[in-house]
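Reader: I am new to this structure and would like to learn how to read it one feature at a time. Could you take me through it slowly?

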Amino acid sequence: MVYFVGAGPGDPDLITVKGQRLIEQADTIIYAGSLVNPDLLAGARFNAKIYDSSKMSLPEIISAMKKTEPGITVRLHTGDPSIYGAIREQMEELDREKISYRVIPGVSSFSAAAAALNTEYTVPEGNQTLIITREAGRTPVPEEQALPLLAGHGAAMALFLSAGLTDEVQAHLLEGGYTAETPAAIVYRASWPDEKVVRCTVGSLAESTAENGIEKQALLLVGDFLEEEGKRSRLYAPEYSTDVREGEKAGIAIACFTDRGEALAKRLAPRLADVCSETTVTRIGQDQGKEPLAAWTKESWYSRRALIFVGAAGIAVRAIAPFVKKKTIDPAVIVLDEEGNYIIPVLSGHIGGAVQLSKTIASLTGGNAVITTASDRRGAFAIDTWAHNRGLVILNPEKIVDVTSAVLEGRQVRLSSTIPLSGNLPVELDPGYADKNADIVLSPYVSNSGNALLLSPCISVGIGTKKGVTKRQIALAVAGFCKEYGFLRGAIRTLFTIDLKKNEEGLNEFCREEGFGLVFYSADTLSRAPGEFTASDFVKEVTGVDNVCERAAILGEGPGGVLAAKKTSYGGITLAAAIPGRMEF
Ligand code: SAH
């Protein structure tokens, strides 16, 4: 019998009790020389045969195991055998020889490294993922798992077998999207007496390993989870927006540095009220050094949807550099000169809205928006503007970039639609595709085409309720309704009902909290809705009209709307939904 035993990271006390007992019973022990602590062998039987596997080939190892049968062989692997343990090739040979085996897990070095740092890879409401991987060296890594691709997730990473390749690691992490300031750590021989921990950043990873003479027996750890305590709690505080906390950003923050700049900013701020209700102006003294600007930038970056610098572009770029992550989450950044002649969207032009905002500012100051993004320069078809103008809801805006690049490459964008289309679609769009082959799926229904941009017309939901239903009951009913009919919940914007419900607390609260509009119709208006509806004498007696939810949904949708879900009851709540019957272009 062969036992593959995890020896732990180094400290001989970090083996499992089961592993230790097997060492005490073994007739043969084969251990990996450099990384398994020989002190572990102290408990072995005095006549046990002990081999260092680093000096053996696979056939030699198997032959030693075979000779031991029917005795016990312990094959000691560093850390846990399931991670870069190369146990599979041994198992295949043992299968062939009909020798049975078992695996006893161990403490992996990535656990010991976190322990050495007194840290945790997962952070409540922050990082939830640990990627265990390696830089491609002599052993290749599958193309789709190349380090830059994995780095794109911004998750915590533990890199094994890569301490000698830190130039490549650093370049690949930066290429994938980690910033140079992302914290990193090098943990050399975790849990051994000569353990060494070096904290650095992604930008100084190569330099730090070189300076400390570390080339092997080390793990490289990367990610925001390594942020020092004080900073970390700030980063995840509710007023801060990170990758995982989207959607809470509001307002525009303007920084200025001179009298003229301040005067311009103060003239601009109230006029931006149409775009954004909350605009603050902060004068940053030029003689106070970099601190105030850095603090203002950090604060604004995580709480505002746009940052405007009235001053030199270089100042702005230096200030924002540490925070720039990716276009789906970064706020809009705009620089303008203190005369308001040139307004430059620097970051997040499309999804973040910097291009649009720059044009608005230019129209207010009488200056020029300096637009450099390719699609805007070439006047190409912009899917977001088009969708917006057609009253379509964009459900996954991060996919807009894919469609925009298809347009820029001159490729037609494949469209799938569950709603009949008529008239002339823009030439850029090519309709008639199945969901799974489409770049854009236009539908009010949930689709399983993971990669397409999802657009939906607003779903108009009509609602009728008994007196006194709670917001929770309504929330459950709406959720159940969406599930039952496969509606995209994100496409519901407004609920329509009868004016008798104006003071229903639960309904009002539900709409306020969920951000839904709530529109009331009189019984008289409802009775004039065109079409055939599920009539109820009881409803007529109470409200004066034979049906509330279906009629309200159809009126809400407007001309051409069709009922996609007839009156459906959930306890004391009835729901119906209307969608456009066709879309005219
Ligand atoms: N099965 C082992 C990994 C074997 S691969 C485990 O679970 O830990 C060998 C690599 O593991 C080394 O190149 C190094 O990156 C890492 N490693 C193993 N022991 C280590 C230790 N004590 N400290 C830091 N890294 C270690």
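Predicted model: local features only at pLDDT ≥ 70, side-chain atom pairs only at ≥ 80, totals over all residues.

Reader: What is the peptide bond from Glu69 to Pro70, cis or trans?

Author: The general idea is that most peptide bonds are trans, and that most residues other than glycine have a negative phi. Here the bond leading from Glu69 into Pro70 is cis, with an omega near 0°.

Reader: What is the order of the strands in the open sheet of five strands, and what is their pairing?

Author: In general, the strands of a sheet pair through backbone hydrogen bonds, either parallel or antiparallel. In this sheet the order is 3-2-4-1-5, and the pairing is parallel. Its edges are formed by strand 3 (49–52) and strand 5 (101–104), each of which pairs on one side only. Neighbouring strands here are turned by 15° against each other on average, if direction is ignored.

Reader: How many bridges join strand 2 to strand 4?

Author: Four bridges link strand 2 (residues 28–31) with strand 4 (residues 73–77), the two running parallel, and within this pair Ile30 stands opposite Arg75 of strand 4. Helix 1 (residues 17–25) lies across strand 1 (2–6), strand 2, strand 4 and strand 5, and runs at about 130° to strand 5.

Reader: Which strands are the edge strands of the sheet of six strands, and what is its order?

Author: That open sheet has the order 12-11-13-14-15-16, with mixed pairing. Strand 12 (279–283) and strand 16 (368–369) are the edge strands, each pairing on one side only. Strand 13 (residues 306–310) and strand 14 (residues 332–336) run parallel and are joined by five bridges, where Ile308 has Ile334 in strand 14 as its bridge partner. Helix 10 (residues 291–303) packs on the sheet, touching strand 11 (252–256), strand 12, strand 13, strand 14 and strand 15 (342–347), and its direction makes about 150° with that of strand 13.

Reader: Which residues around the ligand come nearest?

Author: There are 18 residues around the ligand, and those that come nearest are Ile83, Ser108, Ser109, Ala190 and Ala218. By class, this shell holds 11 nonpolar, five polar and two charged residues.

Reader: Where does a nitrogen atom of the ligand lie relative to the backbone of Ile83?

Author: A backbone N or O atom of Ile83 is 2.7 Å from a ligand nitrogen atom. For Thr78, a backbone N or O atom lies 2.9 Å from a nitrogen atom of the ligand, while a polar backbone atom of Asp80 is 2.8 Å from a ligand nitrogen. As for cover, the ligand has 530 Å² of accessible area on its own, and the protein covers 95% of that.

Note on methods: Residues numbered from 1 in each chain as written. Heavy atoms only, no water. Pairing = 2+ DSSP bridges. Contact = heavy atoms within 4.5 Å. Axes fitted to C-alpha atoms, helices over the stretch in contact; angles between N-to-C directions. Near = heavy atom within 4 Å. Polar contact = N/O pair within 3.5 Å; in protein donor to acceptor, adjacent residues only side chain to side chain. Areas by Shrake-Rupley, 256 points an atom, 1.4 Å probe, with all protein chains shown as cover. Nonpolar A, V, L, I, M, F, W, Y, C, P; charged D, E, K, R; others polar.
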